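Have a look at the structure first, then read on.

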Amino acid sequence: MPFGHFNKKKNASKASVCSSIRSRQNSNVTFDGRLQSSKLTTSISKSDVTAASDLDSDPKEKGDQFYNYHGRAFLPEVDGKQYLLPCDDEEVERMEVHELALWHVFRKSLFAPVADDLEEGIRVLEVGIGTGKWITDLAFNHPKSQFIGTDIYIYPTTDLPINCQFKPVDTTEGLPFPDNSFDYVVQRNALYNYTRKEWENIVIPEMIRVLKPGGWIEFVEGETTIQDAGPKMSTWLMRLNVTLQSRTIHTRVGRQLGHCLQSNPALQNVEASFRSVPLGWLGKVGDIALEAHRRLFDSLRPRMCDDWDMEPFKYDLLTKSAITECKEFRSWSNYYYAIAQKSGDGNVTVPVIVVEPTVHQDEDEPYF
């Protein structure tokens, strides 16, 4: 198996994962090891969410912006679209652990060759910012560049750098920016967000549209497949894939991104690759990757229990056994990345972009 870019130290304990996460949170260390002062707060805590045992016959108790379901907070359905993952503090922690796993696997946070451009000053768009950590780290460390991040929900933030702004956007309705607006357009960890048609007809075309000629587009994704899985994990993966396919989620998008970009006539200089990562074995990176999967299983619990008419405690027993098997069977999974450059002359007129202040930002801060 082509394992690469990870620590080969043996017998790393689960405690080392928690220690890595705590030390990173406490010292505000970026994924490339540099210090910054960004802080992240969230407005939804587990205490704000009704426990599953307290729900009545109709388990959905909808509020103005969220509804509580099986002990987790979800965004309400829009036009019949049901969000697969919750939107709460536990989900923030899951995304943080997942980003930490990506850093330990690849040992870098940029894949496109834009490091020098960021120092000189370019315009960057991240589609689907999640916690916003990745883009704010870049903004703090590259003050000459301008950054915009979008997502369906913007988690509350403090100490946002003045060269970085967030905008609530549903990507499936298109990106609200003019053509040729950005030098570098990125999307990370969106596997569970879009259907196959949304990827092919909206998400990728829109990201290419707003990218300037000569600019770079970048994707980083995981996958739903786990290799050398034990019997319990195989059962869980079968159920997960049925759940995703019933929602037409593109489960193989990570491994197909390279081909998708290569076949687009608007793009050139395509590069796509992957790294295989052990789950729960072969040192620290394996422990972190397994913890990222465990937290993902927790986040998927409400929808999976619904789809399979399963009691939460039975789901927890299954996933706990599946996680334990990973060490025994030496299971592993892949993380993918793909980059490409937009064809054409980069000397185009850059449109002015106005981003309205969000409720989480100081309205006296400058906008670009």
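Is Leu282 buried or exposed? With a relative accessibility of 18%, Leu282 counts as buried, because buried means under 20% relative accessible area, exposed means over 50%, and partly exposed is in between (1.4 Å probe, protein chains only).

A word on ground rules before going further. This is a predicted model, where local features need pLDDT of at least 70, side-chain atom pairs count only at pLDDT 80 or more, and totals for chains, interfaces and linings use all residues. Residues are numbered from 1 along each chain as its sequence is written, and side-chain values use heavy atoms, with hydrogens and water left out.

**Two positive phi angles**

Back to Leu282: its phi is near 65 degrees, a positive value in a residue other than glycine. You'll find Leu282 in the loop between strand 11 (267-278) and helix 8 (284-307). Helices (H or I, at least four residues) and strands (E, at least two) are DSSP runs, numbered from the N terminus.

Asp309 isn't a glycine either, yet it has a positive phi of about 50 degrees. Asp309 sits in the loop between helix 8 and helix 9 (312-329). This one is exposed, with a relative accessible area of 74%.

**Rings meeting rings**

How many aromatic pairs does a search of the whole structure find? It turns up 13. To count, rings of Phe, Tyr and Trp (its six-membered ring) need centres within 6.5 Å; planes under 30 degrees apart are stacked, over 60 edge-to-face, and the rest tilted. Here are two of the pairs.

| Pair | Centre to centre | Angle between planes | Type |
|---|---|---|---|
| Phe106 and Tyr337 | 5.9 Å | 85 degrees | edge-to-face |
| Phe177 and Phe182 | 5.3 Å | 85 degrees | edge-to-face |

The Phe106 and Tyr337 pair links distant parts of the chain, 231 residues apart: Phe106 belongs to helix 2 (residues 89-106) and Tyr337 to strand 12 (residues 332-342). Both of these residues are buried.

As for the other pair, Phe177 is buried at 5% relative accessibility, and Phe182 is buried at 0%. Elsewhere, Phe66, Tyr153 and Tyr155 form one aromatic cluster.

**Arginines over rings**

A charge sits over a ring if NZ of Lys or CZ of Arg is within 6 Å of the ring centre and within 35 degrees of the ring normal. Arg239 lies over the face of Trp308, 5.4 Å from the ring centre. Arg303 does likewise over the face of Phe74, at 4.2 Å from the ring centre.
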